[in-house]
Amino acid sequence: CLGKDNTNTSEILVETDLSSVEGMALDWMSNMLYFVDGIKSRIEVIRTDIDHEGRMRHTVLGPEVLRKPRGIALHPAAGYMYWTDWAVGDPCVSRASLDGSGVKRLFSKPDVEWPNGITIDFIAERIYFVDAHEDFIGSADLDGKQFRKIIHNKEETTHPFAVAVFKDIMYWDDWKQNALYSADKDHGVSIRAIDTNLPGLMDLKVYAHSLQEGSNRCSGGKTCSHLCFARPDNQSSCQCPDALELHNGECYCPGGTVKPFANGTCPEDKNKKCSPDHFKCNNDLCIPKLWQCDGDNDCGDFSDEYHCKAMTCQQDQFQCKSSGKCISPDWRCDYDKDCEDGSDEMNCTYVDCLKGQFKCANNRCISQRFVCDMEDDCRDGSDEANCSSTVLLPSSCSAGYFLCTSPHACIPTSWRCDGEKDCGDNSDEIGCETNSCESWQFQCDNRRCIFKTWQCDGDYDCGGNDTSDERNCQTTVQPPTIPPRPQLPTNQCTDWMFRCNNKKCIPYWWKCDSVNDCGDNSDETGCDPITGPTSYVTPAPPSQSAVCQSHQFRCLNGDCIQDSWVCDNIKDCDQGEDEEHCHGGVTCDSKNQFKCRQDGSCIPLRQVCDGIYQCPDYSDEMSCSNSNVPVVAGPSCGEGLFPCDNKCLPMAMMCDGHSDCVDESDERDCNNNTKKVYQVLRFGIEDSSKNATSVKLFWWLPMSAGVVFEFLPAYRVAHSPQSLWF
């Protein structure tokens with residue numbers, strides 16, 4: 001589902017024949033959305049510029065090439081797509097044309113083990129990808145050459161999942177750290193945690209106007225009748241939806257003699273009857289009755305739009321004049337044309353723009369500083385029109401910024417002479433032969449400035465073919481060599497993995513997927529037989545976290561239990577998987593040993609209450625009445641949070657029926673309902689409602705069944721001197 005029209009509503013693009021969507025990428029030049037199905041081993045595409053049923057869905061690559069695909073990235077201008085594949089024993093990072101032809105493996109084992117997210121740096125023309133087993137973020141050019149590991153074996157990359165790049169910075173999320181990070185994209189320095197306490201992070205995207213520019217052979221939508229795929233060297237190919245056949249460059253219905261209707265559907269059996277809740281088109285196609293008289297050609301012959309009475313909208317809706325379409329009243333006079341005829345923006349009374357603001361052609365008010373900055377802030381292009389003559393442009397920039405020549409725009413000084421075109425006229429890269437560096441920097445022959453510490457470090461940091469930073473070095477510092485990891489771990493697997501009988505560790509969601517991932521088939525032992533690919537559904541992760549906490553075991557249904565509950569002869573998971581493969585499990589001697597609560601490890605009984613913490617959860621020193629061991633203070637949590645296992649959680653997670661703390665203190669004394677807190681967990685601004693004097697806010701909070709609020713949530717402006725609540 002994707003958000004539509006800057007509102008909280010959504011539309012369903014694909015809802016059939018899906019098992020596990022692992023990644024998505026948009027070809028904005030051809031208006032096509034690519035998505036990866038990891039279970040079905042397919043990369044598919046749909047068109048985003050049409051509303052026809054099926055959206056001309058087409059399979060680009062299937063199981064003959066893919067096994068466990070995960071991440072995907074597109075380069076529409078170059079005509080390439082890149083993807084990662086987690087296949088056990090045969091992992092890879094690969095490239096192909098956007099139509100799936102010309103498949104080429106760029107990286108395979110031993111370079112990669114569990115390749116995960118992948119992205120493209122359109123400025124440097126390089127790919128970036130992460131490996132969750134080898135714990136690195138790597139980069140290479142578009143052909144897979146000049147590979148280097150940007151970050152390797154750092155605490156912040158213990159299980160990287162997705163990666164994105166924008167200008168000089170790369171971003172990634174990490175499942176083990178439950179955090180989002182950023183760092184320098186070339187050298188991995190200046191690592192910063194952008195946000196933490198973010199369990200279950202999945203894909204990561206960076207959206208900016210500068211990332212969706214350019215055109216290819218498919219731009220404009222006139223090259224092919226159905227699907228147009230750009231290919232390298234400014235070539236293209238025309239393809240058909242999966243339900244049609246390609247003959248002599250044209251799409252036909254199965255059999256190759258009948259052409260499809262305009263919406264890509266084929267004629268049906270004339271004697272076939274539609275169900276009572278469906279409408280039969282003149283071409284014998286059956287469509288839901290709800291689609292009749294909705295203004296869309298769902299039949300393909302417009303018969304669903306014949307003899308339609310004037311549409312009647314609900315009392316709280318606005319009706320477009322020409323089409324009769326019903327839209328939200330909030331879309332009326334919101335500066336955007338939601339009706340095809342623009343009737344929702346007619347006869348509107350707009351507020352006057354304030355001093356220092358620019359009035360767009362659609363009557364929207366924006367800051368004068370946003371005019372002629374090469375960004376469409378008005379959303380109708382009027383702030384970027386006639387910039388060379390009629391609009392007053394900035395004549396100077398504040399300290400730390402560089403003024404572009406044409407059009408005038410301010411960019412950070414650090415972007416000048418960095419080898420990348422940031423000004424529209426390239427003026428930030430002109431005159432760099434006189435560029436001077438700071439005392440703590442080294443100046444390359446190409447006049448680029450780099451850190452002095454990068455000189456003679458064994459890496460060419462100047463960029464291009466400039467090797468001056470490694471010239472005349474008496475001794476070259478070689479980067480430390482990190483010993484390779486053993487392929488088959490011999491100790492405990494991490495909390496999100498399944499341990500095979502041969503001691504190999506694999507992701508737990510590979511269990512019972514009809515693939516021998518362990519090599520000894522122990523991950524498929526005791527599984528119900530799977531009759532077909534559509535009958536298997538990947539166990540959904542819990543809504544609060546896709547990965548359990550440290551010292552926890554994840555059941556197939558996503559529930560988290562303590563490690564100490566595994567192999568204790570009690571089935572705590574719904575399907576009892578916590579008691580499978582228990583031969584050789586850890587069993588404490590009840591006479592001479594103590595079992596720690598969280599991880600189930602054993603310590604000598606004499607070490608209990610000795611004033612020294614041997615268990616990771618300190619359970620060996622709990623309830624020691626005669627002990628003088630100081631109590632370990634929990635975290636100091638802010639307003640709206642409570643301490644739990646050395647972290648802070650929202651108050652709404654107390655008495656919610658799910659134990660989030662190891663000692664289950666968040667679910668104690670909940671019968672009287674006095675500890676239950678209803679808390680706003682999502683808060684934002686509806687973008688289409690903003691104007692010079694007001695904004696529309698929205699919020700979301702979890703509610704128990706049957707609960708009715710007497711009052712709505714209150715808010716106040718942060719740091720307001722009055723501190724008034726509204």
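I began with Phe129, which is buried at a relative accessible area of 0% (buried is under 20%, exposed over 50%, partly exposed in between; 1.4 Å probe, protein chains only). The model is predicted, so I kept to its limits: local features need pLDDT of at least 70, side-chain atom pairs count only at pLDDT 80 or more, and totals for chains, interfaces and linings use all residues. Residues are numbered from 1 along each chain as its sequence is written, and side-chain values use heavy atoms, with hydrogens and water left out.

Next I searched the whole structure for aromatic pairs and got 10. Rings of Phe, Tyr and Trp (its six-membered ring) pair if their centres lie within 6.5 Å; planes under 30 degrees apart are stacked, over 60 edge-to-face, the rest tilted. I noted Tyr80 and Tyr82 as edge-to-face, with 6.2 Å between centres and 65 degrees between planes. Tyr80 is buried at 17%, and Tyr82 is buried at 0%.

I then checked Phe129 with Phe147: the centres are 6.0 Å apart and the planes at 20 degrees, so this pair is stacked. Phe147 is partly exposed at 31% relative accessibility. I also found Phe107, Phe129, Phe136 and Phe147 in one aromatic cluster.

Last, I looked for charges over rings (NZ of Lys or CZ of Arg within 6 Å of the ring centre and within 35 degrees of the ring normal). Arg95 has its charged end over the ring of Tyr80, 4.0 Å from the centre. Arg70 lies over the face of Trp86, 4.4 Å from the ring centre.
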